[in-house]
Amino acid sequence: MTFAPHPPLATPRKVARLKGVLMPSPRAPLPPFTIARLPRLVFGAGTIAQLPGEIAALGRRVLIVTGGRSFMEGPHCAPLLAEVTRSGAKYFQLAIAGEPSPELIDDAVRQYKGAGVEAVVGIGGGSALDGAKAIAGLLTSGDSVMDFLEGVGPERPYRGPALPFIAVPTTAGTGSEATKNAVLGRHGPEGFKKSFRSDALVARLAIVDPDLLFSCPKSVVAANAMDAFTQLLESLVSTRANVMTRALAWSGLEAFNDGLWTAWRSADGDTPTPRRSHALQRLAYAAMISGICLAQTGLGSVHGLAAPLGAFFQIPHGVACAAVLAAATMVNIEALRERDPENPALDLYARAGTLIGGGEDDTPPGDPLEALCVTLRGWTETLNIPRLGHFGVGPDDIARLVANSRGSSMKTNPVALSDAEIAAIVRRSL
């Protein structure tokens, strides 16, 4: 396995203690924390069968928002819609192919505003769930989503009410089923990716059925899995993390580590073997937990850069995260070692390096921080993640990407990065 040239990490700081970094010492008080609203969560194989009854409990007219093709052409769609009809409910269908734009959301609101819709169901990947979430938030008022997007337009406070919303993910990546924000965007030189965000947008119910992942192709499994991993790692070291979110993030990382390779290697296969099913269950759990954690803690520099990368270039979100993850993690570690060597994020990064780098005890051979960065670089090659240059990103784009990277995600990065350090992340990822 070979890697693109990169500078070595700074002189390793010995990590004396990996156990105990998730929970303060028994003699130390637990810091106070707050957990924001979450959906009712239903997790498990076959739980999609509960959806028709849940829809019937919310109303007789429902808007079902899906992705472009995969769910509608899969084995679950026709039985689901037949059962919804048998329950006496009337449904409307809207397909969202690709990432949702503000214009798409406004058009859908205009189309269904007078249809008497009582609930919205999103079934699909992050784009379908984000689109459904935004539509549910606006069908009552008929307002334009541009009124509420962060960083563009008037940024009016959203006061609701939102229609009841059910989220059913069919990929293991964004964790959108557990968050309060809908990410919308426009592509191009003046593009953006911004959030419509409110506690009122949180799903009433999230049904996470790992069986829905069987149809995901290998490339989708890879990109979405790396998005989930990034969200778990960034949540773990976020400046807003607390003992509860760190415990959850760690459980997600362990599940991810157990499931990734079997799920990826068996993708595109037709046989739902028990081993494959178990791996997909772990990826689905990891993605759900990543959404829970990011909703509570925020993220970091990877997602700070993924926003302008996805806005200015045709780069899928999970691919953008995967492409910069190793470099961003390395730059964070270098900055922490130089400016804040006692920051607990270093121990948390080291623990993650021990987990995914294959160490058997608390002091594996070599530096676990180096192991983390080397392993992440190796993953991008093994999973066939393209580098940024594949999408047309070049040295002349770095300044613009840096200037547009300082959104909400960058604010919870474990260390404040300079423009030069952010530029180094992009340069190492080209």
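**Close-up views of a predicted model**

**Figure 1. P161 lies in the loop between α5 and β5.** Helices and strands are DSSP runs numbered from the N terminus (helices: H or I, at least four residues; strands: E, at least two). The model is predicted: local features need pLDDT of at least 70, side-chain atom pairs count only at pLDDT 80 or more, and totals for chains, interfaces and linings use all residues. Residues are numbered from 1 along each chain as its sequence is written, and side-chain values use heavy atoms, with hydrogens and water left out. A cis peptide bond joins G160 to P161, with omega about 0°. E155 sits in the loop between α5 and β5. E155 is not a glycine, yet its phi is positive, about 55°.

**Figure 2. F148 and Y158 form an edge-to-face aromatic pair.** Rings of Phe, Tyr and Trp (its six-membered ring) pair if their centres lie within 6.5 Å; planes under 30 degrees apart are stacked, over 60 edge-to-face, and the rest tilted. By this rule the count is 10 aromatic pairs. For F148 and Y158, the centres are 5.5 Å apart and the planes stand at 90°. Both residues belong to the loop between α5 (126–138) and β5 (165–169), 10 residues apart.

**Figure 3. Helix α10 meets helix α12.** α10 spans residues 317–339 and α12 spans residues 368–382. Their axes come within 8 Å and cross at roughly 165°. Therefore α10 runs roughly antiparallel to α12. Axes are lines fitted to C-alpha atoms, for helices over the stretch in contact; angles run from 0 to 180 degrees between N-to-C directions. Angles under 35 degrees count as roughly parallel, over 145 as roughly antiparallel, 65 to 115 as roughly perpendicular and the rest as oblique. The crossing of α10 and α12 is left-handed (the near helix is turned anticlockwise from the far one by less than a right angle; clockwise would be right-handed). α10 contributes A322, L325, A326, T329, M330, I333 and R337 to the contact; α12 contributes L369, L372, C373, L376, R377 and T380. Contact means heavy atoms within 4.5 Å. By class, nine residues of the α10 and α12 contact are nonpolar, two polar and two charged. Nonpolar covers Ala, Val, Leu, Ile, Met, Phe, Trp, Tyr, Cys and Pro; charged covers Asp, Glu, Lys and Arg; polar covers the others, Gly among them.

**Figure 4. Helix α7 meets helix α11.** The axes of α7 (residues 243–265) and α11 (residues 344–356) come within 10 Å and cross at roughly 20°. So α7 is roughly parallel to α11. Their crossing is right-handed. R246, W250, L253, E254 and N257 of α7 contact L348, R351, A352, L355 and I356 of α11. This contact has six nonpolar residues, one polar and three charged.

**Figure 5. Helix α6 meets helix α11.** The axes of α6 (residues 218–237) and α11 come within 9 Å and cross at roughly 145°. From α6, the contact takes F229, L233, L236 and V237; from α11, A345, L348, Y349, A352 and I356. Nine residues of the α6 and α11 contact are nonpolar, with no polar and no charged ones.
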